[in-house]
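Reader: Before we discuss the terms used for this model, could you show me the sequence and the structure?

Author: Here they are, and each term can then be set against its definition.

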Amino acid sequence: MNTIFEFGPFELVLGQNLLLKNGEKCPVNGRAYDVLVALVERAGQLVTNRELIARAWPTVVVEEANLRIQVASLRRVLGDSAADPSYILNVPGRGYRLIAKVSSRDTDAWVPKLRPKDPEPWTGSPKVELPLLLNELVGRDKAIDTLADQFLRQRFVTIVGAGGIGKTTLAVATAWRIAERYPDGVFFVSFASLRSSDLVIGCVASALHIEATTSATIDRILQFLRGKNVLLLFDNCEHVIDEAAMLAEALLKGVSSVHILATSREPLRAEGERLRRLTPLEFPELTQSTLTVEDAASFSAIQLFVDRAAASLDTFQLSDGNSSAVADICRRLDGIPLALELAAARINQFSVETLLQRLKQRMEELPQGRRTAPPRHQTLRATLDWSFGILLPLEQTVLICLAIFNASFTLEMALFVLLEKGLQANVVEGVIESLVAKSLVFNEINLNRTYYRILQTTRTYLQEKLQVDAEFPTLARRHATFFCEDLAKNRTSETETTLSVRWGNYSRWIDDIRFALAWAFSSAGDRSIGASLAVSSAPVWLELSLVNEYEHHISAALGAFASNASSDVRPEMELNTKAGLILFNLVGPGPRFVLALHRALILAEKIGDIRCQLTALWGLWGERHCAAEYEDMRALAMRFDKAAAQSDDKHAAAMSDRLMALALCRQGKLMLARQQGERSLSRSNASIDSALDSHFYYSHLSASSANLACTLWLQGEFVQAMALLADACDRALAANDSVTLCYVLSHVACPMVLWAGDHTLAGRYIGLLSEHSKKNGFSYFLAWAKCYSYVLTKKDELAAGNSVESLSAEYRRWSQENRGLLFPLQIQLLATIDAEFVDAAAIERASGHDPDWAAAEILRVAAERLMDNGAYDTLTVEDLLDRSAKIARQQGCKAWELRAAISRARLWSSSGREEQVAPMLASVRDSFEPGQRSVDLAIADSLLGSSPSRGRRSPSDR
């Protein structure tokens with residue numbers, strides 16, 4: 001009696017321990033099968049982890065990680081997904097539930113339609129002379145199925161693939177699968193040990209047990225095979241390929257019932273041949289620290305590694321803790337089965353993490369494999385030696401040269417490097433195609449462009465040969481020169497390709513850029529090429545969010561110039577320029593930043609390089625901005641404008657207006673700032689708006705919009721200002737322009753929305769600033785995010801009725817640790833948001849003879865703080881508010897004037913002058929254009945329409 005459970009297209013046959021899909025056997029191992037039976041028998045119910053482990057491992061104690069591996073195996077068989085399950089639902093921490101609808105029936109008559117069990121050998125009557133497969137074949141089930149089906153229609157198939165990829169194992173497993181179709185036998189013919197192609201015919205004759213009474217000939221073999229239905233497995237044909245191809249053609253033409261399955265690293269190119277290219281096992285493209293056992297176990301390369309590692313060390317288990325490292329090992333070994341097996345054999349000596357570190361350092365000589373394995377398969381190096389040794393000399397030369405590329409490469413790149421050796425283009429192209437055929441180079445077509453690549457294990461082997469090759473310096477120079485010229489060409493390209501796509505395409509070659517920079521600044525390199533490459537590659541590092549690493553390369557480059565003087569100052573000038581700007585985004589305008597840009601400016605003036613002068617002046621202007629030295633800002637803006645007049649740079653004129661507009665705004669000259677800002681914004685167009693296409697880095701449209709928004713807000717045009725600000729932020733965010741976004745958020749958006757009292761929007765902007773700063777390694781901008789987060793949290797806690805003393809220890813500690821690290825501009829901006837940042841130095845600055853944009857608000861906040869203390873001198877407070885209002889009126893800063901009026905209303909209401917409040921406040925309120933809206937205006941309207949007793953709320957309380 002057989003009990004059959006049916007769910008979806010599957011049938012679980014308990015009496016025969018089978019799982020079928022549409023009548024065909026599904027490969028499921030014993031423990032996974034036991035887990036499935038337990039789930040099916042209690043379909044719809046939760047089966048706990050403990051119950052499942054007891055069912056699958058009744059006599060041993062195992063961890064839950066083992067269960068997760070078996071469930072992952074079941075999901076692969078069922079075509080299920082942990083994220084969107086159709087069959088098996090995980091209840092975290094508890095167990096699993098089969099959620100598919102299940103029906104059952106009992107029968108005596110049902111017989112499943114099954115193929116022979118794989119990979120165990122077929123045990124029928126034909127003479128089968130094949131090696132036994134002692135280990136489970138992992139990850140090749142579909143390949144075996146495809147080959148088995150292919151032999152129903154074709155007589156000659158060659159499995160082609162790189163060394164160590166498992167061609168022989170797959171061929172043998174397939175031969176066992178289809179052995180019953182060949183009643184006269186299946187014969188394994190290994191050419192691996194042959195040293196001469198003259199021995200091929202004799203080798204075949206020997207495998208067929210043809211009596212050696214006469215010398216082996218093709219006719220003798222044909223005579224023996226006539227009338228017989230046999231399968232011949234020709235293994236390792238690559239080094240005797242011509243003779244093997246000739247023999248295969250003769251046998252297929254001479255005996256219609258002969259079938260041939262061959263393995264080779266390149267096609268035999270014989271008549272009637274069909275190819276089956278064998279690819280590496282699957283592995284995660286990117287390893288994440290959160291890679292779970294269940295995620296990892298779904299990849300065939302990891303399955304093989306775990307299986308072989310457990311064979312080497314019986315206590316080894318895949319776990320959540322080591323799954324990411326195992327995935328990284330599999331990726332570094334390209335999913336090549338031989339490499340994985342050899343690496344897994346080291347688990348009895350090293351932990352997974354230690355093995356990974358050793359593989360990162362170099363492709364070490366992996367351990368001896370099985371003693372019974374062919375010599376070429378006992379170590380990975382022997383396999384590579386074998387593959388390399390059978391190449392023609394020209395093929396060896398070209399392959400070694402191609403190892404200069406650290407990732408994929410195009411034919412154009414290969415020709416650029418190799419033509420220096422005097423080779424003709426058609427010759428190089430032909431050799432590359434030959435190497436592709438021999439499975440030493442792989443090709444792929446993406447967007448109608450062909451890319452070539454060499455497996456990492458092969459490349460590491462070849463690079464050892466390349467490093468000692470006399471041609472290496474020439475190849476390294478050509479390699480670096482290609483990327484230097486190509487990047488420069490792309491930088492000036494006028495194609496319609498978006499900049500993000502243009503530079504993002506270089507992500508595949510970032511390792512080559514790293515390699516080229518390292519060579520250029522080595523003792524044997526060329527600093528001039530390195531400097532040009534460091535400069536031209538800047539957009540790539542920015543686009544890939546690798547600013548931190550780029551700064552490291554820039555610093556190394558500058559060190560190389562500092563230790564070796566040169567008459568050509570241009571490379572050093574350009575490097576100092578880039579170093580300064582990168583340092584600004586990373587750590588802010590500190591001493592290294594100023595030193596680099598001053599040096600760049602001196603060199604630029606020395607050789608008359610206007611473009612570099614402009615960039616250096618812009619950077620130094622930014623440093624003066626952070627230092628809150630606004631007169632210096634304006635002077636540098638004027639100097640920039642003079643240089644811009646000598647330049648045909650499409651960005652320079654617009655940038656000049658932008659610098660002057662912000663300098664005037666910070667000086668409190670708001671009307672002039674607005675005129676200059678509107679002029680700057682009017683210059684905006686698509687050709688100058690991109691940050692990546694500008695040596696000024698920030699998108700002109702977004703930066704100009706944000707700066708003008710700040711001016712408009714101070715002038716009391718709140719609605720227009722907030723709309724312009726939102727547009728600036730949205731544009732930078734949509735373009736994924738992190739540099740511009742961080743600038744806009746830190747210098748304008750976050751303080752403006754906090755002035756406006758919009759804590760929800762402030763939280764969103766602060767979150768974006770923190771996210772993009774962390775993602776790009778912008779510690780300078782991250783410091784801004786922490787400042788704003790601190791004051792917002794404080795305001796929210798106070799709004800909730802909590803006292804200042806109740807603020808968390810984390811934020812009190814932040815204030816103590818970071819106050820002394822803030823730039824003057826940061827302190828000034830924070831002082832307009834939170835009274836805590838208004839100290840004696842800030843009040844003294846605001847009281848100076850040339851008050852800046854923040855002076856009025858800082859004096860007002862100082863007055864508010866005195867009133868909050870309870871016992872205060874009314875005349876002192878009145879004087880502070882008088883000076884605040886006077887400065888605001890002189891600057892045309894209606895935003896601060898309104899706040900001063902609200903604070904004065906509070907003072908007068910508390911000192912018996914209630915009747916004077918309304919006329920004073922109304923005169924300020926009526927100066928605003930109709931339709932303007934803000935929290936401050938709402939407070940003023942409330943005060944004007946209420947009794948004096950209600951006039952206790954201050955802008956500082958929000």
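Reader: At what angle do α39 and helix α40 (residues 874-891) pack, and how far apart are their axes?

Author: They pack at an angle of about 160°, with their axes 8 Å apart; axes here are lines fitted to C-alpha atoms over the stretch in contact, and angles run from 0 to 180 degrees between N-to-C directions. This is a predicted model, in which local features need pLDDT of at least 70 and side-chain atom pairs count only at pLDDT 80 or more, while totals for chains, interfaces and linings use all residues. Residues are numbered from 1 along each chain as its sequence is written, and side-chain values use heavy atoms, with hydrogens and water left out. Helices (H or I, at least four residues) and strands (E, at least two) are DSSP runs, numbered from the N terminus.

Reader: Why are α39 and α40 called roughly antiparallel?

Author: Angles under 35 degrees count as roughly parallel, over 145 as roughly antiparallel, 65 to 115 as roughly perpendicular and the rest as oblique. The angle for this pair is about 160°, and α39 and α40 are therefore roughly antiparallel to each other. Their crossing is left-handed, a term for a near helix turned anticlockwise from the far one by less than a right angle, with clockwise giving right-handed.

Reader: Which residues make the contact of α39 with α40, and how do they divide by type?

Author: On α39 the residues include Ala855, Leu859, Ala863 and Leu866, and on α40 they include Val877, Leu880, Leu881 and Ile887, where contact means heavy atoms within 4.5 Å. The residues of this contact divide into twelve nonpolar, two polar and two charged, with Ala, Val, Leu, Ile, Met, Phe, Trp, Tyr, Cys and Pro counted as nonpolar, Asp, Glu, Lys and Arg as charged, and the others, Gly among them, as polar.

Reader: What makes α39 roughly parallel to α41?

Author: The axes of helix α39 (residues 855-868) and helix α41 (residues 894-910) come within 9 Å and cross at roughly 20°, and that makes α39 roughly parallel to α41. The crossing of α39 past α41 is left-handed. Among the residues that meet are Arg860 and Glu864 in α39 and Arg899 and Arg906 in α41, and the contact divides into five nonpolar, one polar and six charged residues.

Reader: What are the angle and the axis distance for helix α21 (residues 510-520) and helix α22 (residues 527-536)?

Author: These helices pack at about 145°, with their axes 8 Å apart, and the crossing of α21 and α22 is left-handed. Ile513, Ala516, Leu517 and Ala520 of α21 make the contact with Arg527, Gly530, Leu533 and Ala534 of α22; by type, the residues are six nonpolar, one polar and one charged.

Reader: Why is the ring pair of Trp713 and Trp755 called tilted?

Author: Rings of Phe, Tyr and Trp (its six-membered ring) pair if their centres lie within 6.5 Å, and planes under 30 degrees apart count as stacked, over 60 as edge-to-face and the rest as tilted. A search of the whole structure finds 23 aromatic pairs. The rings of Trp713 and Trp755 have their centres 5.2 Å apart and their planes at 40°, so the pair is tilted. This pair links distant parts of the chain, with Trp713 in helix α31 (residues 700-714) and Trp755 in helix α33 (residues 738-755), 42 residues apart.

Reader: How do you know that strand β6 (residues 88-91) pairs with β7?

Author: Two strands pair if DSSP finds at least two bridges between them, and four bridges join β6 to β7, the two running antiparallel. Strand β5 (residues 47-48) is joined to strand β7 (residues 95-98) by two bridges, also antiparallel. Tyr96 in β7 is the bridge partner of Val47, and Tyr96 is also the bridge partner of Asn90.

Reader: What makes β5 and β6 edge strands?

Author: Three strands form an open antiparallel sheet in the order β5-β7-β6. β5 and β6 each have a single partner strand, so one side of each is left without a neighbour in the sheet.
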